[in-house]
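Open the model in your viewer and keep the sequence panel beside it.

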Amino acid sequence: SYPKHVTIVDVSPRDGLQNESMTVPTAVKQRLIDDLIAAGVKKLEAASFVSPKWVPQMGDNSALLEALAATRQSDVSYSVLVPNMRGFENAIVHRPDEIVIFGSASETFSQKNINCSIDESIERFAPVAAAAKAQGIKVRGVISCTVGCPYEGEIDPSQVAYVTKRLVEIGSEQIGIADTIGVGTPLKVQRALQAALEYADITMMSGHFHDTYGQALSNTLAALQMGVSEFDTSVAGLGGCPYAKGATGNVATEDVVYMLHGMGISTGINLDKLVVAGERISEFLGRPNGSNVARALINK
Ligand code: HMG
Ligand code: MG
């Protein structure tokens, strides 16, 4: 049966912008986040605390978090990605609500994305998770390439089970199943989820689906049918990963919200206001809005 309420985690300020070639000013990111919150978004990924040499677009992470402090909403969860203790130390001064540690079910993607093996990444994440917990900050793990990898092709579900096990062991309270390059189809996504469920409860799971092959909304529904009630989505369908060539945006928040509301599932989000948020950032980036629902509502 379907959940009655779904938590939407808008990842556009992070996943949506990390891959942009143009420099997005901190003030524009701040406005995007303000617009998302005005639309009723209660959880978002504000930034990542990774190396600015690797991902220049996230180089203003501290400046952004500092700017956000003035209007920080107590009922909104601000998450940040952290790959290692260096990132944690930079992030912690801003008191994020949640730390996201991000691993991979593919060895090669792990090397390309965070410059270490899967097992080494767990060793780096363990002190991050422990330090976050000691400070009362939530820890969520996300696993990239759970169905397919740009370097290795299809990924065996046993790899997803293994990484889930390791992340849960070091204290990850939630596990995100990511289809980094959007190659997944519903039954494959369900198999990846099923594998993770060997070591994690369904209430811990979330879905993170890129829409490269147009499968992300179907994959969202497939996860929803298994009882997953949290999804990472990106307004206007922005997104991509600099270390996953050809990967396009995440499933559009507007499209997921429209589907959920149409199914009688609440999100707390106002779709019209969400469309405004997506239009503003698309206009700034000079891109067509990547959400079907947004385009339909605008042209109505
Ligand atoms: P490394 O080079 O192996 O790290 O990078 P290192 O520890 O050897 O340090 C090298 C230099 O980087 C040093 O500086 C460190 O201080 C610095 P130097 O002495 O040369 O001047 N450094 C840092 N600086 C700032 N913040 C840090 C940090 N760590 C080291 N946290 C590292 C390892 C992980 C840092 C690097 O590989 C990296 O930043 N990778 C970027 C990964 C990334 O952001 N990818 C995109 C996000 S993941 C994603 O999009 C997938 C997701 O959406 C789910 C999905 O769709 O699949 C989540
Ligand atoms: Mg992603």
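Select residues 6-275 to begin: an unreviewed UniProt entry places the feature "domain: Pyruvate carboxyltransferase" there, with UniProt positions given in the numbering used here, feature names shortened, and annotations that may be inferred rather than shown by experiment. The end C-alpha atoms of this span lie 19 Å apart, and the span is 40% helix and 18% strand; helices (H or I, at least four residues) and strands (E, at least two) are DSSP runs, numbered from the N terminus.

This is a predicted model, in which local features need pLDDT of at least 70 and side-chain atom pairs count only at pLDDT 80 or more, while totals for chains, interfaces and linings use all residues. Residues are numbered from 1 along each chain as its sequence is written, and chains are lettered from A and ligands numbered from 1 in the order in which they are written.

Now show the whole chain, which has twelve helices and ten strands. Its C-alpha atoms fill a box of roughly 50 × 40 × 35 Å, taken along the principal axes. Buried residues, those with 20 or more other C-beta atoms (placed from the backbone) within 10 Å of their own, make up 52% of the 300 residues in the chain.

Next, colour Leu36, Ala46, Val80, Val82, Ile99, Ile101 and Ala196, which touch the most other members of the largest nonpolar core, a set of 89 residues; such a core consists of buried Ala, Val, Leu, Ile, Met, Phe, Trp, Tyr and Cys residues joined through C-beta atoms within 7 Å. Helix 6 (residues 118-134) gives the most to this core, with six residues.

Centre on valine 82, whose contacts (C-beta atoms, placed from the backbone, within 7 Å) include Phe49, Phe88, Ile99 and Val128, leaving aside neighbours within four places in sequence.

Which helix holds serine 121? Serine 121 lies in helix 6, and it is buried because 24 other C-beta atoms lie within 10 Å. Not counting residues up to four places away in sequence, serine 121 touches Gly103, Ser110, Ile114 and Cys116.

Finally, select ligand 1 and the 25 residues around it, of which Val50, Gly87, Ser144, Ala178 and Thr180 come nearest; a residue is near a molecule if its C-beta atom, placed from the backbone, lies within 6 Å of it. Helix 4 gives the most to this shell, with three residues.

Notes. Buried ≥ 20, exposed ≤ 12 C-beta atoms within 10 Å, placed from the backbone. Contact = placed C-beta atoms within 7 Å.
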